[in-house]
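Welcome! Take a look at the picture before reading on.

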Amino acid sequence: MLEPLRQGLPPLDPAAVSNAASCALPARYEAVREARRFTRRTLDQWELGERFDDVCLVVSELVTNALRHALPRPAATHAHEQVPSVRLHLMRWTERLVCAVRDPSQDSPVARNTDDFSAESGRGLFLVDSFSDSWGWHPMAGSVGGKVVWALFRLPPAD
């Protein structure tokens, strides 16, 4: 079911992006709530509010995974060092919406094989796979470092 995780986005013409928005999220779990609020406002502005439930679930899972697995542990950073942030990007093409979460880790996302669907954790990437049309990840190039985990949603053709 969860095929190779390192996939590139399908061909999307950057010049055809009709809308884009992003926000930096703090390195604390309240950031998940902030990501949901940002997603709600953005989708409402883009008149895509009917997609909010699926998109919000996926955004919540991607941000939670970044906070839980991609940030350095507090003991690994010194008090004077700034903890790298997580960044949420929403990009809309005519018939596609992409949610991308950038984090400072080079580690690939790992989907757990679990049959326990009542478990409190370990189902995030399963949910991303179930509620989006496709998803994947890729490392950031150059000095930026880290990676981007993305999910794509197909949108109905405009009337």
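Which pattern does the protein follow, read along the sequence? The pattern is β-α-α-β-β-α-β-β, with 3 helices and 5 strands in the protein. Helices (H or I, at least four residues) and strands (E, at least two) are DSSP runs, numbered from the N terminus.

This is a predicted model, in which local features need pLDDT of at least 70 and side-chain atom pairs count only at pLDDT 80 or more, while totals for chains, interfaces and linings use all residues. Residues are numbered from 1 along each chain as its sequence is written, and side-chain values use heavy atoms, with hydrogens and water left out.

**The protein as a whole**

- Buried residues make up 39% of the 159 residues; buried means under 20% relative accessible area, exposed over 50%, and partly exposed in between, using a 1.4 Å probe and protein chains only.
- Among contacts between residues at least 6 apart in sequence, 66% join residues at least 24 apart, where contact means heavy atoms within 4.5 Å.

**Helix 1 against helix 2**

- Helix 1 (residues 30-45) and helix 2 (residues 52-70) have axes that come within 9 Å and cross at roughly 145 degrees. Axes are lines fitted to C-alpha atoms, for helices over the stretch in contact, and angles run from 0 to 180 degrees between N-to-C directions.
- The crossing of helix 1 and helix 2 is right-handed. A crossing is left-handed if the near helix is turned anticlockwise from the far one by less than a right angle, and right-handed if clockwise.
- Residues making this contact include Val32, Ala35, Arg36 and Thr39 of helix 1, and Val59, Ser60 and Val63 of helix 2.
- By class, the contact of helix 1 with helix 2 has 10 nonpolar, 3 polar and 2 charged residues. Ala, Val, Leu, Ile, Met, Phe, Trp, Tyr, Cys and Pro count as nonpolar, Asp, Glu, Lys and Arg as charged, and the others, Gly among them, as polar.
- Ser60 sits in helix 2 and is buried, with a relative accessible area of 10%. Not counting residues up to four places away in sequence, Ser60 touches Val32 and Arg36.

**Helix 2 against helix 3**

- Helix 2 and helix 3 pack at an angle of about 150 degrees, with their axes 9 Å apart.
- The two are therefore roughly antiparallel to each other; angles under 35 degrees count as roughly parallel, over 145 as roughly antiparallel, 65 to 115 as roughly perpendicular and the rest as oblique.
- This crossing of helix 2 and helix 3 is left-handed.
- Val58 of helix 2 and Val128 of helix 3 are among the residues that make the contact.
- Val58 is buried, with a relative accessible area of 1%. Beyond its neighbours within four places in sequence, Val58 is in contact with Val128, Phe131, Ser132, Ala151 and Phe153.
- Val58 and Leu152 are 94 residues apart in sequence and 9.9 Å apart in space, C-alpha to C-alpha.

**The nonpolar cores**

- The largest nonpolar core has 33 residues, and Leu25, Val59, Val63 and Leu88 have the most contacts inside it. A nonpolar core is a set of buried Ala, Val, Leu, Ile, Met, Phe, Trp, Tyr and Cys residues joined through side-chain atoms within 4.5 Å.
- Helix 2 gives the most to this core, with 9 residues.
- A second, separate core of 6 residues includes Trp93, Val98, Ala100 and Leu152.
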